[in-house]
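Please read these notes with the structure open beside you.

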Amino acid sequence: MAQSPAKANLASSAGARGGDLAHDRAAQASPAIAAAARIATAHLHEPGCLLPILHAAQDELGCIPPETVQTIAEILNLSRAEVHGVITFYPHFRSEPAARHVVQLCRAEACQAMGADALAGHARARLGCDFHEHSADGAVTLEPVYCLGLCAQSPAMLIDGRPHARVTPQRFDRLLGRALEESA
């Protein structure tokens, strides 16, 4: 009896779990799968290694491609669903590459109390996209982030990893405009 596509998609190949077969198959696959296998193997013996592996994979590949999840799961002797669950639980991880510029707006309580919801509304309108999406021109990815540690200077955001505090809608427009000009 054949599994439904959803179950087959999340099921792990138990025969290859954590063994040499998983490594051999990964080495013959796409560059992303080979990179995921190399990264997972490098961190395999660290306690709590799944998060460091996911961070390293996203740093190297720009995202965690869905086709790499199976390889990571097999090397760690986890199910694909367990790895997928961690990826989807943390909003930091993405399954497709970000745009050239990444705007991360703080969504924590201190920033919300100081106007982050209005700022988020302005950013969504200005970019023409919601969180976890790209702007209409494909130049900017808008992402939520939960606490940048700038609570006393909220609302805060990152543009391409650089922190900005006390951000108003007008300041958002200026900072974004500057980032777009610098890359042109």
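1. Helix α9 (residues 169-183) lies across β1 (101-106), β3, β4 (157-159) and β5, and runs at about 160 degrees to β1. Helices (H or I, at least four residues) and strands (E, at least two) are DSSP runs numbered from the N terminus. Axes are lines fitted to C-alpha atoms, for helices over the stretch in contact, and angles run from 0 to 180 degrees between N-to-C directions.

2. This is a predicted model: local features need pLDDT of at least 70 and side-chain atom pairs count only at pLDDT 80 or more, while totals for chains, interfaces and linings use all residues. Residues are numbered from 1 along each chain as its sequence is written, and side-chain values use heavy atoms, with hydrogens and water left out.

3. The sheet is open and has 5 strands in the order β2-β3-β1-β4-β5, with mixed pairing (two strands pair if DSSP finds at least two bridges between them). Its edge strands, β2 (133-134) and β5 (162-164), each pair on one side only.

4. Strands β2 and β3 (residues 140-145) run antiparallel and are joined by 2 bridges. H134 stands opposite T141 in β3.

5. The axes of helix α4 (residues 50-61) and helix α6 (residues 80-89) come within 11 Å and cross at roughly 65 degrees. The two helices, α4 and α6, are therefore roughly perpendicular to each other (65 to 115 degrees counts as roughly perpendicular). L50, L51 and L54 of α4 and V83, V86 and I87 of α6 make the contact (heavy atoms within 4.5 Å).

Technical notes
Parallel < 35°, antiparallel > 145°, perpendicular 65-115°, else oblique.
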